[in-house]
Amino acid sequence: MPDIDEIKEASQYNAQIAQKTEGFFLKGSNSLEWGMKDRLARIFSPVSGRTVMLAFDHGYIMGPTSGLERMDLTILPLIEYADCIMCTRGALRTLVPPTAGKPVSLRYSAGSTVLTELNDECVMDIEEAVRLNASLLAVMVAVGGKFEAVTIRNLTRAVDMGTRYGIPTLGVTAVGKDMARDARYLSMASRVCAENGAHVVKTYFCENFEQVASTCPVPIVLAGGKKLPELDALTMAYQAIDQGASGVDMGRNIFQAGDPIAMIQAVRAVVHDREKPEKAYELYNTLKNEK
Ligand code: 5RP
């Protein structure tokens with residue numbers, strides 16, 4: 001109980017100074033609740049407005065894919081360079097030290113693997129996400145696919161549940177073998193995610209990417225996709241940011257790179273410092289050759 005004797009009289013009202021009402025730095029996020037904004041501000045740098053998310057959730061559909069055979073050896077050394085990690089609850093509990101101090105984009109939908117049909121998924125309990133202190137719920141959304149309705153319902157469920165606890169949702173646009181990766185399709189898929197409540201959208205790069213970014217009312221993070229030569233991956237990241245992306249959520253182009261630690265630093269240079277791809281590639285080679 002505070003000492004209530006001799007309470008100092010309040011006098012510093014500063015009535016002539018108007019209280020600032022600041023807007024929130026992320027696109028489309030100003031009306032969100034405090035907890036959501038706090039989580040988003042841990043993922044996206046309030047200084048650059050962008051993020052480098054490290055994705056290593058591939059095992060949930062692919063098993064031990066190249067670069068992820070021993071995540072303790074390949075992924076843990078990368079975590080310090082990421083603004084946010086995207087992974088499954090299994091990877092989080094078994095490998096990631098809770099002292100890592102990074103916000104988690106938790107793989108929140110699951111249900112099938114590459115051996116059957118992808119995207120026939122459900123979402124997990126919200127209490128599990130709360131227990132794991134998730135900062136983002138990552139849900140696959142297969143617009144135009146066989147499981148379109150299932151995945152959109154998963155997204156809306158995640159948004160409803162996450163909203164109860166102040167946890168934002170990431171809509172991950174799925175691309176199947178039979179789905180076009182063009183601006184028309186990706187802008188529709190991204191918009192469907194946002195209109196159904198996703199607070200952030202993860203999608204792929206394509207020609208006329210600015211059409212995808214400008215018609216999506218929430219921040220877009222770029223999915224890396226299949227492994228490219230390092231300079232090409234840096235160029236793709238640069239162009240995506242240039243055309244309106246708010247960062248990257250990259251997996252294979254980082255952990256399958258010739259030197260993953262050098263690559264994630266080069267990606268950071270592109271995303272946060274707006275370094276040109278050639279300069280970032282120089283940095284990649286310098287860091288690589290230092291070893
Ligand atoms: C699928 C996913 C992933 O499993 C993963 O995050 C993809 O990362 P990348 O394509 O950069 O390897 O989100 O869409």
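Which exposed residues does the face of α1 turned away from its buried side carry? In this predicted model, local features require pLDDT of at least 70 and side-chain atom pairs count only at pLDDT 80 or more, whereas totals for chains, interfaces and linings use all residues. Residues are numbered from 1 along each chain as its sequence is written. Helices (H or I, at least four residues) and strands (E, at least two) are DSSP runs, numbered from the N terminus.

The exposed residues on that face of α1 are Trp-34 and Asp-38. A residue is termed exposed if 12 or fewer other C-beta atoms, placed from the backbone, lie within 10 Å of its own, buried if 20 or more do, and partly exposed in between. Helix α1 spans residues 34-43, and Met-36, Arg-39, Leu-40 and Ile-43 are buried in it. Viewed down the axis of α1, these buried residues fall within an arc of 100° and so line one face of the helix; the arc is that of the directions from the helix axis to the C-beta atoms. An α-helix has 3.6 residues a turn, so residues three or four places apart point the same way. The partners against which the buried residues of α1 pack are β1 (51-55), β2 (84-87) and β6 (136-141).

Strand β7 (residues 169-173) pairs with β8 over three bridges in the parallel sense, and Val-172 stands opposite Lys-202 of β8. Three bridges also join β8 to the parallel strand β9 (residues 220-223), with Ile-220 of β9 as the bridge partner of Val-201. Strand β8 (residues 200-203) is covered on both faces: Val-200 and Lys-202 are buried on one side, Val-201 and Thr-203 on the other. In a regular strand the side chains alternate between the two faces of the sheet.

Strand β10 (residues 247-250) is likewise covered on both faces, with Gly-247 and Asp-249 buried on one side and Val-248 and Met-250 on the other. Parallel pairing links β10 to β9 over two bridges and to β1 over four. Asp-249 of β10 stands opposite Ala-223, and Gly-247 stands opposite Thr-51.

Contacts are assigned where C-beta atoms, placed from the backbone, lie within 7 Å. Excluding residues up to four places away in sequence, Val-267 touches Val-52, Leu-234, Ala-237, Val-248, Met-250 and Ile-254.

The ligand is surrounded by 13 residues, the closest being Ala-55, Gly-224, Met-250, Gly-251 and Arg-252; the criterion is a C-beta atom, placed from the backbone, within 6 Å of the molecule. This shell comprises six nonpolar, five polar and two charged residues. Here Ala, Val, Leu, Ile, Met, Phe, Trp, Tyr, Cys and Pro count as nonpolar, Asp, Glu, Lys and Arg as charged, and the others, Gly among them, as polar.

Gly-101, in the loop between α5 (89-94) and β3 (104-107), is exposed because 9 other C-beta atoms lie within 10 Å. The C-alpha atoms of Gly-101 and Ala-55 are separated by 16 Å.

Terms used. Contact = placed C-beta atoms within 7 Å. Pairing = 2+ DSSP bridges.
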